[in-house]
Amino acid sequence: MSKISRETVIAQALDLLDEVGLDAVSTRRLAARLGVEQPSLYWHFRKKEDLLAAMAEAAMLPHTSVPLPQLPADWRAWFLDNTRSFRRTLLARRDGARLHAGLIPSADLDRITQKMRFLTASGVPELDAQMAMLTASRFTVGSVLEEQAETVSDTGVEPPADLPKIDHTTAFEAGLALILDGLTDRVTSPSQTQTARAAGDS
């Protein structure tokens, strides 16, 4: 039997994830799915953790293949679109948020750097841009974790009658708007910057 490619192993592992969920993914089940002996997988992945990391990066492709922002695009519109794209990608796979949580995106570091350059070139202070990107990322992962957990185990418990029932998308959009509003407030306009510099020189 010819050696199975790394890409095939990852693709089949993601399909297995969609079928059985993250807790049930194992190298034994994956090997059976591929029709190979379990040790054959070690050619590509020495540990299950290595396989999960490769799965997480592959699952992010719909998001990481989106064209990078370029000036003079509006940074606010891009910030919203980028975060929504991240959410859609996490939701596209069963337990997508759990798979992604804790991942160090080594393959995406250059893209993250370019996104930061776009924000700072658009007038967003560097530290604020960094913290806003981090906050939006963690907010999105947490939101999707809650949504996917609820999908798996619906308790059927209704909220108190005096509290409105808010769907996940509405809640996500509201939280994202708050993050963006906070960041917008931190962006100093050119006229304010000139005034501050003039005051410092006087």
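1. In this predicted model, Arg 28 and Ala 32 are exposed on one side of helix H2. The other side of H2 is treated in the next point.

2. Helix H2 spans residues 27-34, and its buried residues are Thr 27, Leu 30, Ala 31 and Leu 34. Viewed down the axis of H2, these buried residues fall within an arc of 100°, so they line one face of the helix. Arg 28 and Ala 32 lie on the other side.

3. What do the buried residues of H2 pack against? Their partners are helix H1 (6-20) and helix H3 (48-59).

4. After H2 comes Gly 35. The phi of Gly 35 is positive, near 75°.

5. The largest nonpolar core comprises 22 residues. Val 9, Leu 30 and Leu 99 have the most contacts inside this core. The elements giving two or more residues to the core are H1, H2 and H3. Of the elements, H1 gives the most, with six residues.

6. Another core, of 18 residues, lies apart from the largest one. Its members include Met 116, Ala 136, Ile 179 and Val 187.

Note on methods:
Residues numbered from 1 in each chain as written. Predicted model: local features only at pLDDT ≥ 70, side-chain atom pairs only at ≥ 80, totals over all residues. Heavy atoms only, no water. Buried < 20%, exposed > 50% of the residue type's maximum accessible area, 1.4 Å probe, protein only. Helix = DSSP H or I, 4+ residues; strand = E, 2+ residues; numbered from the N terminus. Arc of directions from axis to C-beta. Contact = heavy atoms within 4.5 Å. Core = buried A, V, L, I, M, F, W, Y, C linked by side-chain atoms within 4.5 Å.
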